[in-house]
Amino acid sequence: MSQSIALVLAGGGARGAYEAGVLSVILPALPEAERPNIIVGASVGAVNGAYLAASDGDLDLKAGRALWEEITWGDVLATPSLRDLDRIARAALTFTGLLSLDVPSLLDATPLKHTLERLIPFEAIGRQVDEGRLISAAVVATSALTGRSVVFHQGGTPEAVRDHKRGIDYVPTILNEQHVRASSAIPAAFPAVEVTDGPAAGWYFDGGTRLNAPIKPALSLGAERVIVVGLNSIAPGGDRIAGPDRPDVFAGASHIIDALLTDPLVEDIQTLTTINELVGERRTTDYRKVPYIFIAPPERDTIGRIARQVFRRFYGGVFHAHRSPQLAFLGRLMAAGADPLHGELLSYLFFAPEFAHALIERGRADAQGWLDESHDEGLWDTGPLGRRKR
């Protein structure tokens, strides 16, 4: 009987192109019996995961890469207009306390609905499950009411419907664009998304805010092995404790996002490897050993450096605004060309073909790096991360 193998895709906005690069290398390298049959994603990982889950037959990796290299700002967010100025003004008035106004978000993500419907044949997910090629496909969103993580899954039977210890609820459903948009609704930047059908109907925010790399849901859905693709490095910082430069508001925001997305991923991976070690030493019988593949950017500023370089080359100059006035303005507002930390913040909204291409190549290189190393079981590890075995 074949094993249950999960593909876990983390969130990170426009950084999702990195996942496409990783998958285009790592999945073809796996034997047929080790290809994932459970797919779980959060935020942009939900977009990539739903796309893969809907792939007819073999995973359409080349098309997935091409998809990212064609996505632009206008495929995700509406072009700024008087409506956007009105929204920003309303937000400012609400902030001052002069008036209390309804401000759903700072950005208009209306185009994302049509882009998802155009690119992902959601009805194909059901066929994949019915025909046994997939055990389960799932996306994670955050309930605006309770703040708990909600795992919308098509196929599969979780260990429990409610995991009170970790604040996770599991809801069987037929996945559609609402669930994926809900999983991708970055709080404040994107509006909350209403899921209109089923017992968990209501409003949701980005699933990555609480469960950016949903390893636990993958295990709950029966995964015996996991392939985890992260969009934030878990590498420790440098030797210096502090620096002399005073950070601005955008540098501070970048650190907040990094802590929100990276720290839980570090904890989950360390927990997984610690349990594997205890099982191997027969110091516990309450858990099973879970072999894993884990690929993420090698350094904490890897993607920030790429975003900075791409912005300066294609969008930062005086005559570059014609490529995308929105990105040119946003990048200058954030001083994205100043240093990798400011580039890091832009990277989450940097929906540009040039950035996607650079991230795909970075993902391919990091996946090849995993293939070139030696591991505990073929391409799989069970011990601690950080061991470079050649």
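Tutor: Rings of Phe, Tyr and Trp (its six-membered ring) count as a pair if their centres lie within 6.5 Å; planes under 30 degrees apart are stacked, over 60 edge-to-face, and the rest tilted. The model is predicted, so local features need pLDDT of at least 70 and side-chain atom pairs pLDDT 80 or more, while totals for chains, interfaces and linings use all residues. Residues are numbered from 1 along each chain as its sequence is written, and side-chain values use heavy atoms, leaving out hydrogens and water.

Student: How many aromatic pairs does a search of the whole structure find?

Tutor: The search finds 3 aromatic pairs.

Student: Why is the pair of Phe 152 and Tyr 204 called edge-to-face?

Tutor: The ring centres are 5.3 Å apart and the planes stand at 75°, so the pair is edge-to-face. Phe 152 lies in strand S4 (residues 149-154) and Tyr 204 in strand S8 (residues 202-206), 52 residues apart; strands are DSSP runs (E, at least two residues), numbered from the N terminus.

Student: What makes Phe 152 count as buried or exposed?

Tutor: Buried means under 20% relative accessible area, exposed over 50%, and partly exposed in between (1.4 Å probe, protein chains only). Phe 152 has 2% relative accessibility and therefore counts as buried. Tyr 204, at 4%, also counts as buried.

Student: What describes the pair of Tyr 315 and Phe 350?

Tutor: Tyr 315 and Phe 350 are 5.7 Å apart centre to centre, with 75° between the planes, and form an edge-to-face pair. Tyr 315, Phe 350 and Phe 355 form one aromatic cluster.

Definitions and conventions: Helices (H or I, at least four residues) and strands (E, at least two) are DSSP runs, numbered from the N terminus.
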